Amino acid sequence: MNIARLARLGYAALTRDPHPPPCVLGAEDALSSLRSALPAGFLLGTATASHQIEGGLDNDWTDWERGAHPGGEPHIKDRAVSGAACDSWSRIDEDIGLMRRLGANAYRFSVEWSRLEPTEGAWNEDAADRYLAWANALRAAGIEPMVTIHHFTLPRWVATQGGWMNDRTIELLAAFARRVAKKLGSAVDLWCTINEPSVVAALSYVKGIFPPGLEDPRIAAHVMARMLKAHARMTEAIREVDTTDADGDGRATRIGIAHHVRIFQPATRSPLDRLVAGLTDRFFNEAVASAPFTGRIELAIPGVVEVDEAVPGLLGSFDYMGINYYTRDHVKADLRDPALSKQFVPADRPVNDLGWEIYPEGLYQVLKRYGALGLPVYVTENGIPDKSGDVRPSFLRSHFEALVRAAREGVDVRGYFHWSLLDNFEWAEGYEPRFGLFRVDFDSPDKRRSPTPAVETFQEIARGLGLEPEAG
Ligand code: GAL
């Protein structure tokens, strides 16, 4: 990276706090008049992903689940394997029943590439029929489907060709997206091409805790660039083949990415902490969010890697901005760390079961920040690991209040998807974290679902929107 560019990035990071100031929450009962605050047709739902709930899969993650890090530590906590998961592959009717009980009018789920295309060029029509039946059943129940095409997992045959380290994956995924959109387009308008490119880059290629377990920021930057290129190609393909307006709003498709956004708070006012927090923000948050407006991929870790490239098809490739928001990180510079910092939560802050800070004001901040870009926004994920089930009601309430506050101040927020409908396989953390509005008894043969206290909170929000939860 040249000195002038570094100075420019550094200057921007030092002079501009990218996050608007937080709001004061709880000052009014923000849930009382939801219909006047939120647009008609607001989507209230839950989100899941195939690998975490379906069960019976065979892909790069199932391989990873059986392995260990070079030091001997298993890749997955407690040596858990995804295995039968929630068995949602066979229990979608039951799950739709749970959504009706919540009063939800939307559901975000992903299709599993390894199931649909088990070997290169093959196509499992039975599995495709089943996904189409799901989308139709959801629609018949008054639940708008949002379909994610890529949510972390790769078929083994893609992974063995190098996965996201191989340019070929861009075309393979675009071809897959074309087939999926052709098959499901009659029932689906809302598409999410890729879940969390920044998380894949960070956890698979910097921290080494997701497959393929590398710790190389240079590779991570190129992976992120490839994912954005894939998104552009997928968008073109979906727009071309899905010409059916399933929800009757006059448009056949609305396409975006589910972008994981974090608040990177400098741990102190020192220029170095502020600089590193700013650079981390640019890499993790800004590169993806600015891509559809600039048509470029701009990624930089000073002295390590720089990607600055115009990508055909990227400009205008988001119809909405999907935001996955969970927490805030406090950033202490450490230039020896591959991530250039150590991230932590101060001892006086509330945390969830995984030690992440509970910071609802952050959702308001990110909605204000990304809502200002001019695209409609969906909160495509937000949730909490809470084994007790007792913290989730106030978590859900306070985060929804933050959303309402942002909407009242003019942010065009069109939906909220809670992560998650069910407890599920939480990647490297295995089955211990409990994210579900419904608890799952993984030891029972029927993977029994039972409500947590936050179901009532969700129903309250649904009623506020004029939706009607069904009796359980
Ligand atoms: C997101 C991811 C989900 C889920 C969630 C909870 O980053 O998209 O699959 O695991 O985090 O940690």
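Helices (H or I, at least four residues) and strands (E, at least two) are DSSP runs, numbered from the N terminus. This is a predicted model, in which local features need pLDDT of at least 70 and side-chain atom pairs count only at pLDDT 80 or more, while totals for chains, interfaces and linings use all residues. Residues are numbered from 1 along each chain as its sequence is written, and side-chain values use heavy atoms, with hydrogens and water left out. Asp78 lies in the loop between helix H4 (60-65) and helix H5 (92-102).

**Backbone geometry**

- Asp78 is not a glycine, yet its phi is positive, near 60°.
- At 59% relative accessibility, Asp78 counts as exposed; exposed means over 50% relative accessible area, buried under 20% and partly exposed in between (1.4 Å probe, protein chains only).
- Ala85 also lies in the loop between H4 and H5, and this non-glycine residue has a positive phi of about 45°.
- Ala85 counts as buried because its relative accessibility is 3%.
- The peptide bond from Pro211 to Pro212 is cis, with omega near 10°; Pro212 lies in the loop between helix H10 (197-205) and H11.
- Trp419 and Ser420 are joined by a cis peptide bond with omega about 20°, and Ser420 lies in the loop between E11 and E12.

**Helices H9 and H11**

- Helix H9 (residues 168-184) packs against helix H11 (residues 217-241) at an angle of about 30°, the axes being 8 Å apart.
- That angle makes H9 roughly parallel to H11; angles under 35 degrees count as roughly parallel, over 145 as roughly antiparallel, 65 to 115 as roughly perpendicular and the rest as oblique.
- Axes are lines fitted to C-alpha atoms, for helices over the stretch in contact, and angles run from 0 to 180 degrees between N-to-C directions.
- From H9, Ile170, Glu171, Leu173, Ala174, Ala177, Arg178, Ala181 and Lys182 meet Arg226, Lys229, Ala230, Arg233, Met234, Ala237, Ile238, Glu240 and Val241 of H11; contact means heavy atoms within 4.5 Å.
- The residues of this H9 and H11 contact divide into 10 nonpolar, no polar and 7 charged; Ala, Val, Leu, Ile, Met, Phe, Trp, Tyr, Cys and Pro count as nonpolar, Asp, Glu, Lys and Arg as charged, and the others, Gly among them, as polar.
- Arg226, in helix H11, counts as buried at 13% relative accessibility.
- Leaving aside neighbours within four places in sequence, Arg226 is in contact with Trp164, Met165, Asn166, Asp167 and Ile170.

**Aromatic pairs**

- The structure holds 22 aromatic pairs; rings of Phe, Tyr and Trp (its six-membered ring) pair if their centres lie within 6.5 Å, and planes under 30 degrees apart count as stacked, over 60 as edge-to-face and the rest as tilted.
- Tyr431 and Phe442 form a tilted pair, 4.5 Å centre to centre and with 50° between the planes.
- The two residues are 11 residues apart, Tyr431 in the loop between strand E11 (413-418) and strand E12 (438-440), Phe442 in the loop between E12 and strand E13 (449-451).
- Tyr431 is buried at 19% relative accessibility, and Phe442 is buried at 15%.
- Trp89, Tyr107, Phe109, Tyr131 and Trp134 are linked into a cluster by ring pairs.

**Buried residues and their contacts**

- Glu144 is in strand E3 (residues 144-150) and counts as buried at 11% relative accessibility.
- Not counting residues up to four places away in sequence, Glu144 touches Leu43, Asn105, Ala106, Tyr107, Arg139, Asp189, Leu190, Asp247 and Arg254.
- Phe458 lies in helix H15 (residues 454-464) and is buried, with a relative accessible area of 0%.
- Beyond its neighbours within four places in sequence, Phe458 is in contact with residues including Leu44, Leu102, Leu396, His418 and Leu437.
- Pro433, in the loop between E11 and E12, is buried with a relative accessible area of 6%.
- Pro433 and Asn352 are 81 residues apart in sequence and 9.7 Å apart in space, C-alpha to C-alpha.
- With neighbours within four places in sequence left aside, Pro433 is in contact with Leu354, Pro385, Asn424 and Glu426.
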